[in-house]
Structures are given as C-alpha cells and as structure tokens.
Amino acid sequence: MAYDEVLAQRVLERLEPDGVVAKKMFGSITCMLNGNTVVSVYEDGLWLRVGPDGMDDALAEPGVRPAVHRGKQADGWVMVAGDVLDDDILDHWLAIAMDATAELPPK
C-alpha cells in the first residue's frame, strides 16, 4: 500500500529533531524511538501508539478508529484519518504517541 508522502514529511519534520528514526516498513513510513514504534504513516492516515490506558480517550476523538492488525484490534493503537490532521491536531497526536512510547524500555 502506498502512503501519503506529504503527511509523512510533516510527521518527520516534527519528530526527527526528537531523535526519532524513520524506516520504510510494510508499505508505510514507520517512526521509531529507541527501537519502539511511535507512529506509522499508512495509506492516508496514521497508525499511532496511544498506550492501553489511552484507548478510550483516543477513540472519542473525530477521525479515530481502532487499529486492526491481521483481523484483531491492536490494543494501545489507533488509526487517525489524514483528513482531520491539520497542524494543531497532528501535533496533538504526535505528542500523545511520543509520550506513550517514551514510557517503554529501549529495544
């Protein structure tokens, strides 16, 4: 699957200064912090780490749905539609993902 290259650039501009490394994986651009995935730009939106405790709040937001991998809901992960990601909302989601990922031990 292709990914939105403009959205990927917007994400990278925000996260690379914080030490995030981007890799092309599984038809997406995946951004990692200390070996842990923060976010993937996938198709026209984001596959985003919110952590298990952040699921309810995340799913209450516009344009957000559970992330599904191989037919199963991925606990602690959501998909955010690209059409809701203006600059402020993108910053909001990336901050949540960075916070959730920063709590994990390095890989």
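Where is N34 found? N34 sits in the loop between β2 (28-33) and β3. Here are some notes to read alongside the structure.

1. **Ground rules.** This is a predicted model, in which local features need pLDDT of at least 70, side-chain atom pairs count only at pLDDT 80 or more, and totals for chains, interfaces and linings use all residues. Residues are numbered from 1 along each chain as its sequence is written, and side-chain values use heavy atoms, with hydrogens and water left out.

2. Helices (H or I, at least four residues) and strands (E, at least two) are DSSP runs, numbered from the N terminus. Take a look at the backbone of N34: its phi is positive, about 55°, although N34 is not a glycine. N34 counts as partly exposed because its relative accessibility is 49%. On that scale, buried means under 20% relative accessible area, exposed means over 50%, and partly exposed is in between (1.4 Å probe, protein chains only).

3. **E43, another positive phi.** E43 is in the loop between β3 and β4 (45-49). Phi of E43 is near 55°, again a positive value in a residue other than glycine. With 30% relative accessibility, E43 counts as partly exposed.

4. Are they buried or exposed? S40 is buried, since its relative accessible area is 7%, and N36 is buried at 3% relative accessibility.

5. **What those two residues touch.** A polar contact is a pair of N or O atoms within 3.5 Å; within protein, one must be able to donate a hydrogen and the other to accept it, and residues adjacent in sequence count only if both atoms are side-chain atoms. The side chain of S40 makes such a contact with the side chain of T30, at 2.9 Å. For N36, a polar atom of the side chain lies 2.9 Å from the backbone oxygen of P105.

6. **T101 and G35.** T101 is part of helix α3 (residues 87-102). T101 counts as buried because its relative accessibility is 2%. Now find G35: G35 and T101 are 66 residues apart along the chain, yet their C-alpha atoms are separated by 9.8 Å.

7. **Salt bridges.** Side chains of opposite charge can pair when their charged atoms come close. The rule used here is that a salt bridge is a side-chain nitrogen of Lys or Arg within 4 Å of a carboxyl oxygen of Asp or Glu. How many salt bridges does this rule give? The count comes to 3. R10, R14, D87 and D91 are linked in a network of them.

8. R10 bridges to D87, with the closest N and O atoms 3.1 Å apart. That pair links distant parts of the chain, as R10 is in helix α1 and D87 in helix α3, 77 residues apart. D87 also bridges to R14, where the closest N and O atoms are 3.0 Å apart. Here D87 in helix α3 and R14 in helix α1 are 73 residues apart, so this pair links distant parts of the chain as well. The side chains of D91 and R14 meet at 2.4 Å, N to O. D91 lies in helix α3 and R14 in helix α1, so the pair ties together parts that are 77 residues apart in sequence.

9. **How exposed is the network?** D87 counts as partly exposed at 43% relative accessibility. R14 is partly exposed, with a relative accessible area of 24%. D91 is partly exposed at 37%.

10. D86 lies in the loop between β6 (72-81) and α3. The side chain of D86 reaches the backbone nitrogen of I89 at 2.9 Å. D86 counts as partly exposed, with 43% relative accessibility.

11. **A charged patch.** D4, E5, D44 and D83 gather in a patch of negative charge on the surface. Patches are made of residues with over 30% relative accessible area and no salt bridge: like charges are joined within 9 Å, nonpolar side chains (Val, Leu, Ile, Met, Phe, Trp, Tyr) within 5 Å. Accessible areas come from the Shrake-Rupley method with a 1.4 Å probe, and for residues only the protein chains shown count as cover. Lys and Arg count as positive and Asp and Glu as negative, while His and the chain ends are not counted. The place of a charge is NZ of Lys, CZ of Arg, CG of Asp or CD of Glu.
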